[in-house]
Amino acid sequence: MKAIDRKLVRDALQMWGQLLAICAVIGCGVATFVMSLSALEALRTTQGTYYDRYRFADVFVGLKRAPNALEPRFAEIPGVAHTQTRVVRDVTLDLPDLDEPAAGRLISIPENGQISLNALHLRSGRYIELGRDDEVLASEGFADAHGLHPGDKVTAIINGRRKDLRIVGTALSPEYVYTIRWGALVPDDKRYGVFWMGRRALAAAFSMEGAFNDVTLDLAPGADEQEVIERLDDLVRPYGGLGAHGRRDQISNRFLSDEIRQLQRMGTIIPSIFLSVAAFLLNVVLSRIIALQRDQIAALKAFGYSNLAVGMHFLKLVLAVAVVGVIIGSCVGYWLGLRITVMYTRFYKFPMLYFAIPPKVALTALAASSLAAIGGTINVIRRAVNLPPAEAMRPEPPASYRPTLLERMGLAGWFTQPSRMILRHIERRPLKAFFSSFGMALAVAILMLGRFAADSLDYLLDAQFSLSQRQDLAVNFLEPTSMSGFHDLQHVVGAMYVEPRRMVPVRLRNGHLQRRTMIQGVIDDPQLNHLVNENLQSVPLPKEGIVLNSKLAELLEVKTGDTLSMEVLEGSRAVREVPVTGLTTEFLGTFCYMNFQAINRLLGEGDSLTDAYLKVDDSRLEEMYRRLKEAPRVASVTIKKTSIRSFRETVMDNMLQMQFFNVIFACIIAFGVVYNTARIALSERGRELASLRVLGLTRGEISFILLGELAVLTLMALPLGIAMGWLLVKIVCSFLDTEMYRIPFVVAPATYGFSVSVVIVAAILSGLVVRRRLDHLDLIAVLKTRE
Amino acid sequence: MLRTADSAAEPPAGPANAVYQARGITKTYHMGEIDVYALRGVDLDLYEGEFVVLLGPSGSGKSTLLNILGGLDVPTAGSVNYRGRNLMKDDDALLTGYRRDHVGFVFQFYNLIPSLTARENVALVTEIARHPMTPEAALQLVNMDHRLDHFPAQLSGGEQQRVAIARAISKRPDVLLCDEPTGALDINTGILVLEAIQRVNRDLGTTTAVITHNAAIADMADRVISVADGRISSVRSNTHKLSPQELRW
């Protein structure tokens with residue numbers, strides 16, 4: 001090894017504490033990057049492969065009932081490769097381990113096992129047998145949630161009659177990677193299950209022999225999806241078609257794709273922030289290392305080392321730190337990424353999982369870290385090598401100090417000599433002091449960034465479930481039901497207040513922009529279903545017109561006062577121009593609202609409801625559930641408390657896991673920054689402080705000078721950090737905004753407190769380390785050599 | 001080329017033997033908030049193989065002069081020729097090459113790299129030189145071959161300075177420039193260091209310039225150039241050179 005490289009290694013070993021701190025910061029940035037992007041890549045590859053291998057359809061449409069004779073017509077649509085018709089029906093399930101009714105979806109499959117689209121992956125048991133009318137395959141999530149195995153039975157209410165379905169196997173389908181009911185906010189495997197049943201048996205049970213009510217297609221390469229959707233709509237319209245849609249509006253796929261999109265953004269923005277902090281830190285540390293090695297640089301240049309050689313010398317140090325950081329970060333990131341991915345598979349159900357760190361992710365991490373490190377230090381290095389050697393050889397002239405502003409204002413008497421030293425030192429190099437403070441402020445900011453998600457989600461739950469949706473439970477009917485269903489509900493034991501609702505699938509259009517969604521009919525002066533704006537004030541729902549949530553309005557590019565074309569996708573298939581009368585703020589989904597009577601008028605039917613919100617008497621809940629199970633038209637019951645719990649267990653759990661890692665990383669970074677600030681202050685002022693010790697100052701007194709400065713810098717950093725954190729959180733919130741859910745911009749006082757506390761604790765611990773070193777200052781050695 | 005003490009009394013005349021020819025060197029620079037006039041029009045010649053002492057009080061400008069000769073600094077005005085090459089015309093890269101190939105430096109505060117051993121400090125230079133001696137041979141010349149693997153912190157001041165001299169001469173430089181090499185040392189240690197310098201000058205024939213404010217050292221030189229207030233105040237040749245052991249201060 002060359003002598004100059006040996007110097008590098010020994011210098012690095014000498015500063016191992018500081019360098020390790022920087023490695024850790026870089027490692028944290030790389031770890032979040034690798035974690036997010038490897039999880040992203042795993043989800044993306046797995047999704048793609050799964051869809052491909054199991055022939056996930058491209059276009060979907062539901063309808064009322066069409067004869068099998070119509071089927072060949074679908075294949076004639078240009079661009080359609082394969083078609084598959086099915087019978088799909090929603091039923092109520094009566095499960096012994098559940099008081100309330102649950103919802104089930106029955107989907108027909110060919111008895112011969114030749115599924116052309118949306119193929120099933122058998123997880124346990126066997127495929128159904130020909131000629132048995134009670135055999136089903138159950139979705140794995142549902143079977144697991146209830147501890148059901150092949151051979152067990154489930155009771156479904158089919159046309160008012162109880163029918164036992166015998167589970168012969170469990171399966172996964174690309175259509176139900178995320179098994180969630182339309183209109184629900186979160187998946188609930190306990191209360192929603194998908195069952196695949198022989199076509200003949202299913203058709204017989206629902207009097208659908210020789211007919212179908214569901215079509216899926218896949219497209220030939222290069223086909224125009226929109227064109228196919230329109231032709232398909234034309235074909236099924238006479239048969240009660242509910243509006244065809246592509247994968248984008250397929251609910252499971254939409255959730256999964258949204259998740260992937262969000263992960264991608266997370267994987268870019270947070271590591272960028274962490275790496276910028278690392279670059280900043282490297283800059284600060286290196287510039288001070290170089291300042292302390294002034295005379296060594298001069299000597300090297302005097303011997304004839306070129307500027308390039310001296311520059312490379314320091315650049316190697318920087319790159320070594322970056323490479324070590326990348327290696328540590330990649331290993332940690334790989335491990336975390338695997339954990340996160342496995343966690344995703346708890347509610348995104350795949351038959352297989354492809355997990356690996358893609359080489360491009362590792363290389364990008366390396367390139368980004370190296371660039372950040374070089375970018376952060378290149379100016380310092382350039383300044384160092386450009387220093388004329390003769391000048392570098394001379395000791396730096398005594399720094400010019402002057403009384404601080406406070407002293408000039410006549411407050412000199414207030415300060416002791418050591419306090420004056422602290423203040424003058426800070427005031428003399430305000431920019432340097434600012435950068436030290438800025439580093440610590442960044443630590444506060446990323447701590448806030450790491451922790452705010454829980455605050456936002458708490459707020460989201462509160463806004464969604466305490467303010468907007470005030471029901472205790474929602475009852476969903478199998479199909480639109482006349483008002484007598486509503487009156488029945490009013491008389492069910494335990495019902496204290498019932499509010500009818502009407503949900504209708506619609507397609508909204510504004511010029512070329514269109515969106516398929518559910519319009520919700522809400523009665524006048526609703527007690528349980530409040531619409532609120534961003535300030536949580538109530539938004540009135542007039543007799544005519546439509547109220548959109550602001551995300552939907554943004555997607556359709558409309559605002560209050562504009563007009564939309566609304567196509568009702570069932571019943572009358574009416575198309576109307578409707579004015580937008582208001583916008584609501586909701587953090588989940590893309591919903592819209594209309595007056596209950598107005599919707600029913602539009603449908604051209606008498607008043608009917610699809611579901612109802614209830615306030616209930618908790619003490620009579622069990623009896624109520626029993627009655628609801630028996631009610632023929634009731635499909636399922638959604639209990640708010642359960643929804644909240646499952647939201648916490650799925651979306652939140654996942655977010656919080658990520659957040660947990662980010663908080664740990666942020667803590668490491670905070671310590672790295674503060675510790676470095678303290679160590680640098682020590683190396684810069686060690687000699688001065690040793691002189692003071694020689695003059696008779698105690699250890700406590702010199703510690704006060706150094707640690708007092710650290711304390712002042714820390715105190716200045718806190719408000720700045722809070723402001724920066726606030727800004728970062730705001731930016732991240734806007735990045736994480738998707739159709740499925742938005743992250744409200746909320747930072748709880750506890751998060752401010754936590755972030756500030758971590759930095760203060762880091763400052764105290766770093767102070768203690770420095771204090772220990774101050775206690776062991778070698779007075780003689782320090783005074784013998786020149787600066 | 002070997003030279004004896006006798007023949008050094010009369011320096012060979014004529015530009016052919018001049019290693020350095022400096023004319024009208026002026027240097028001003030800013031230090032803190034004040035402008036410093038370090039040199040005010042200095043003319044100077046240094047000849048092949050001679051041992052010159054530049055004598056003057058601190059602040060007289062002698063260090064600046066040495067730095068300019070060594071290519072560490074450039075004058076504000078004037079010209080410097082090294083063996084007919086105009087150093088004023090050289091850019092930074094050429095000056096770096098000049099230092100690397102021709103000049104050996106010894107500094108008052110040694111400027112050893114604290115993280116490298118004696119041997120490694122010398123290797124730092126031998127690794128980039130064209131025809132270096134081995135670090136061991138260089139250290140042997142200054143009688144430091146018994147402390148090859150000691151770090152600077154484990155060496156006394158005199159030992160550190162001898163390592164610094166070994167480092168400077170290990171590349172077989174054409175000129176050896178020493179800035180107050182004994183300034184931080186006591187007399188006995190200082191003599192050891194001066195002996196090392198003298199041996200290099202005598203045995204290797206390296207043109208040597210030593211800066212000092214210590215008039216006693218002047219007695220071992222071929223020529224003594226006194227510098228005061230940025231100008232050369234006098235030049236004298238020693239008819240009788242003393243050996244370092246005979247010096248007293």
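**Close-up views of a predicted two-chain model**

**Figure 1. Overview of chain A.** Among the contacts in chain A between residues at least 6 apart in sequence, 84% join residues at least 24 apart; two residues are in contact if their C-beta atoms, placed from the backbone, lie within 7 Å. The model is predicted: local features need pLDDT of at least 70 and side-chain atom pairs pLDDT 80 or more, while totals for chains, interfaces and linings use all residues. Residues are numbered from 1 along each chain as its sequence is written, and chains are lettered from A and ligands numbered from 1 in the order written. Chain A has 22 helices and 20 strands (DSSP runs numbered from the N terminus: H or I of at least four residues for helices, E of at least two for strands). Along the principal axes, its C-alpha atoms fill a box of roughly 100 × 60 × 50 Å. Chain A has 787 residues, of which 47% count as buried (20 or more other C-beta atoms within 10 Å of the residue's own; 12 or fewer is exposed, in between partly exposed).

**Figure 2. The side of chain A that touches chain B.** The contact between the chains involves 24 residues of chain A and 25 residues of chain B. On the chain A side, the elements giving two or more residues are α1 (3–14), α8 (294–302) and α11 (389–393). Helix α1(A) supplies the largest share, seven residues. Sorted by class, this side of chain A holds 11 nonpolar, six polar and seven charged residues (nonpolar: Ala, Val, Leu, Ile, Met, Phe, Trp, Tyr, Cys, Pro; charged: Asp, Glu, Lys, Arg; polar: the others, Gly among them).

**Figure 3. Packing of α19 against α20 in chain A.** Helix α19 (residues 640–694) of chain A packs against α20(A) at an angle of about 150°, and the two axes are 9 Å apart (axes are lines fitted to C-alpha atoms, for helices over the stretch in contact; angles run from 0 to 180 degrees between N-to-C directions). The two helices are therefore roughly antiparallel to each other (over 145 degrees; under 35 is roughly parallel, 65 to 115 roughly perpendicular, the rest oblique). From α19(A), the contact takes in A:Thr677, A:Ala678, A:Ala681, A:Leu682, A:Arg685, A:Leu689, A:Leu692 and A:Arg693. From α20(A), A:Ile702, A:Ile705, A:Leu706, A:Glu709, A:Leu710 and A:Leu713 take part. The contact of α19(A) with α20(A) comprises 10 nonpolar, one polar and three charged residues.

**Figure 4. Packing of α13 against α20 in chain A.** Helix α13 (residues 417–428) of chain A packs with helix α20 (residues 699–735) of chain A at about 40°, their axes lying 9 Å apart. The pair α13(A) and α20(A) is therefore oblique. On α13(A), the residues at the contact are A:Pro418, A:Met421, A:Ile422, A:His425 and A:Ile426. They meet A:Glu701, A:Phe704, A:Ile705, A:Gly708, A:Glu709 and A:Val712 in α20(A). Seven nonpolar, two polar and two charged residues make up this contact of α13(A) with α20(A).

**Figure 5. The sheet β2-β10-β1-β11 of chain A.** Four strands of chain A, in the order β2-β10-β1-β11, form an open sheet with antiparallel pairing (strands pair if DSSP finds at least two bridges between them). The edges are β2 (80–86) and β11 (245–246) of chain A; each has a single partner strand, so one side of each lacks a neighbour in the sheet. Six bridges join β2(A) to strand β10 (residues 211–219) of chain A in the antiparallel sense. In β10(A), A:Leu219 stands opposite A:Val80. Helix α6 (residues 225–236) of chain A lies across β1 (59–67), β2, β10 and β11 of chain A and runs at about 10° to β1(A).

**Figure 6. Surroundings of A:Gln471.** In chain A, the loop between α14 (430–468) and β12 (473–482) contains A:Gln471. This residue counts as buried because it has 22 C-beta neighbours inside 10 Å. Leaving aside residues up to four places away in sequence, A:Gln471 touches A:Leu528, A:Tyr613, A:Leu614, A:Lys615 and A:Lys640. From C-alpha to C-alpha, A:Gln471 and A:Thr216 are 36 Å apart in space, and they are 255 residues apart in sequence.

**Figure 7. The six-stranded sheet of chain B.** The strands of this open sheet of chain B follow the order β6-β7-β8-β3-β9-β10, and the pairing is mixed. At the edges stand β6 (103–106) and β10 (231–237) of chain B, each with a single partner strand, so one side of each is left without a neighbour in the sheet. From one strand to the next, the twist averages 15°. Strand β3 (residues 51–55) of chain B and strand β9 (residues 223–228) of chain B run parallel and are joined by four bridges. B:Arg223 in β9(B) stands opposite B:Val52. Helix α5 (residues 157–169) of chain B packs on the sheet, where it touches β6 and β7 (175–179) of chain B, and its direction makes about 170° with that of β6(B).
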